[in-house]
Amino acid sequence: MHEIPCDITDPLGLHIQLAVLLASEAERWRSDVTLEHAGRVVDAKQLMQLLMLGVRTGEHVVVTVSGPDEDTAAAAIRQITRTF
């Protein structure tokens, strides 16, 4: 299991474009990918679940990747979270 901590620095928070990027990348992998924010955990492959969190600028999230291809998936998702 890989945990990827991330502080949201985008002025718009976790907006639609970033959420689409994360969900699309998460869907590419067989591993489970979740995003945790303020005690709530959602499936990162589900775009609407990501948006419903309402993550704002300056808030902290943790992406967790676990499964058969977790090493490769975590590396790819880590690259995406750098744009957040």
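Two strands pair if DSSP finds at least two bridges between them. Helices (H or I, at least four residues) and strands (E, at least two) are DSSP runs, numbered from the N terminus. The model is predicted: local features need pLDDT of at least 70 and side-chain atom pairs count only at pLDDT 80 or more, while totals for chains, interfaces and linings use all residues. Residues are numbered from 1 along each chain as its sequence is written, and side-chain values use heavy atoms, with hydrogens and water left out.

**View 1. The hairpin of strand 2 and strand 3.** Strand 2 (32-37) and strand 3 (residues 40-43) run antiparallel and are joined by four bridges. Thr34 stands opposite Asp43 of strand 3, and Leu35 stands opposite Val42 of that strand. Two residues lie between the strands of the hairpin, and Ala38 in the turn has a positive phi of about 50 degrees.

View 2. Contact, or touching, means heavy atoms within 4.5 Å.

**View 3. Helix 1 and its buried face.** Helix 1 (residues 16-27) has 12 residues and spans 16 Å from its first C-alpha to its last, close to the 16 Å expected (1.5 Å times one less than the number of residues). Leu18, Ala19, Leu22, Ala23, Glu25 and Ala26 are the buried residues of helix 1 (under 20% relative accessible area; exposed is over 50%, partly exposed in between, with a 1.4 Å probe and protein chains only). Seen down the helix axis, these buried residues fall within an arc of 165 degrees, so they line one face of helix 1; the arc is that of the directions from the axis to the C-beta atoms. Gln17 and Glu27, on the other side, are exposed. The cover over the buried residues includes strand 2, helix 2 (47-52) and helix 3 (70-81).

View 4. Ile80 is buried, at a relative accessible area of 11%. Ile80 and Leu22 are 58 residues apart in sequence, yet 6.9 Å apart in space, C-alpha to C-alpha.

**View 5. The largest nonpolar core.** Such a core is a set of buried Ala, Val, Leu, Ile, Met, Phe, Trp, Tyr and Cys residues joined through side-chain atoms within 4.5 Å. Of its 26 residues, Leu35, Leu50, Val65 and Phe84 touch the most other members. Strand 1 (2-7), helix 1, strand 2, strand 4 (60-66) and helix 3 each give two or more residues to this core. Not counting residues up to four places away in sequence, Leu35 touches residues including Leu22, Leu50, Leu53 and Val61.
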